[in-house]
There are 2 protein chains.
Amino acid sequence: MPESIRRLIESFKMLPGVGEKTAERLAFSILDFDEDQIELFSNSIVDVSNNIKKCNVCNNLTEKDICDVCEDNTRNNELLCVVDDVKNIFIFEKMAMYNGLYHVLDGLISPMDGINPEDIGLEKLIDRIQNGNFKEVVFAFNPSIEAETTSMYIKRILSDTNIKFTRLASGVPMGANMEYIDSLTLERALSDRKEVE
Amino acid sequence: MPESIRRLIESFKMLPGVGEKTAERLAFSILDFDEDQIELFSNSIVDVSNNIKKCNVCNNLTEKDICDVCEDNTRNNELLCVVDDVKNIFIFEKMAMYNGLYHVLDGLISPMDGINPEDIGLEKLIDRIQNGNFKEVVFAFNPSIEAETTSMYIKRILSDTNIKFTRLASGVPMGANMEYIDSLTLERALSDRKEVE
């Protein structure tokens, strides 16, 4: 196989979930691209790497020093949503139901994996909350032991404030079949039960 | 979402089988690439587009005027394998069981889709066979009506030569369960049956 195709296949294999066969298929598809598509594709890889940085305030991805959400004065600055993965901000923004601010942690506390509070940038979050005027902090983590550890840790450190700490409701997903739901989720759905309105 | 991420997502969506969600996942993964990976990836896209062309003899992909297979004097130049997709050459070469030469057609004849002999580069193949010293031509197409039409058309044009025309055996794949094989394949497997040795 020509060297440049081999190198392109190796490049595609660096992407998550892309194995040898998929990488070959994608590499060959590049051969059908026109000049504009080639330029767009290669430039956008370089541009993302050069232009994207973390927002100084909330760690969201941005091309400026401060991200669009943090700069938006119409947003509710008494409500903070804490996520452990920046992608989740885009999921929330797509939903277009949330009007508060965000803060991105660099993962979750996990003593088992040797990930301590200082490893996930907690200090920046604590500083921000202590110097802000938030009334509620929502933890929007995927449900897990590490998520609970992290939420409780933050709540405990800020226990001398009047801030309300909440987490996303956990339970049976819409459209799901109860039969196939694991017992932990069901347990949580029961203890989180809500009054029918 | 920052403009450069949006553009990268659009780029990934140009790839076959990559939808919105996958494109987002791939685009975000680029953010974790180091400088070398970014350079390798973006350069290899441009390089493939700039360096890869069709072999003057057989249409195989190459960075030179004539591909490695055509230039290799140790290969059997009396045996020609005709494929309708250049990728299949790499599949054959990986198998490392075939030592003849190749010729890549630009698809198969399909009157239904308005694809005629002149649209798939047949003239170049016919010329090559008439001026070469091939004793056997193997058609390595995916089994289909178009594959049969194309094979028969080529054989008829070259009917005044002593060349033997063959096709890949069609039948029950190794490891397959007879129960799930379609009847056309089974029919072909029966008519192509081989004596037990």
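In helix α3 of chain A, residues I38(A), F41(A), S42(A), I45(A), V46(A) and S49(A) meet I38(B), F41(B), S42(B), I45(B), V46(B) and S49(B) of α3(B); contact here requires C-beta atoms, placed from the backbone, to lie within 7 Å. By class, this contact holds eight nonpolar, four polar and no charged residues, where Ala, Val, Leu, Ile, Met, Phe, Trp, Tyr, Cys and Pro count as nonpolar, Asp, Glu, Lys and Arg as charged, and the others, Gly among them, as polar. The model is predicted: local features need pLDDT of at least 70 and side-chain atom pairs count only at pLDDT 80 or more, whereas totals for chains, interfaces and linings use all residues. Residues are numbered from 1 along each chain as its sequence is written, with chains lettered from A and ligands numbered from 1 in the order in which they are written.

The two α3 helices, each spanning residues 35-51, pack at an angle of about 170° with their axes 9 Å apart. Axes are lines fitted to C-alpha atoms, for helices over the stretch in contact, and angles run from 0 to 180 degrees between N-to-C directions. Helix α3(A) is therefore roughly antiparallel to α3(B), a term applied to angles over 145 degrees.

The interface as a whole takes 36 residues from chain A and 36 residues from chain B. On the side of chain A, α1 (3-13), α2 (20-30), α3, β2 (61-62) and α5 (87-95) each supply at least two residues, and the largest share, twelve residues, comes from α3(A). This side comprises 21 nonpolar, nine polar and six charged residues.

Chain A contains eight helices and six strands, defined as DSSP runs numbered from the N terminus (helices H or I, at least four residues; strands E, at least two). Its radius of gyration, taken over C-alpha atoms, is 21 Å, well over the 16 Å that the globule rule gives for 197 residues, so chain A is more spread out than a compact globule. The rule is 2.2 Å times the number of residues to the power 0.38. An automatic or database assignment divides the chain into domain 1 (3-51) and domain 2 (72-167), whose C-alpha centres lie 35 Å apart.

An open sheet of four strands in chain A has the order β4-β3-β5-β6 with parallel pairing; strands pair if DSSP finds at least two bridges between them. Strands β4 (101-104) and β6 (164-167) form the edges. Four bridges join β3 (residues 79-83) to β4(A), and V83(A) stands opposite V104(A) in β4(A).

Terms used. Angles under 35 degrees count as roughly parallel, over 145 as roughly antiparallel, 65 to 115 as roughly perpendicular and the rest as oblique. Two residues are in contact if their C-beta atoms, placed from the backbone, lie within 7 Å.
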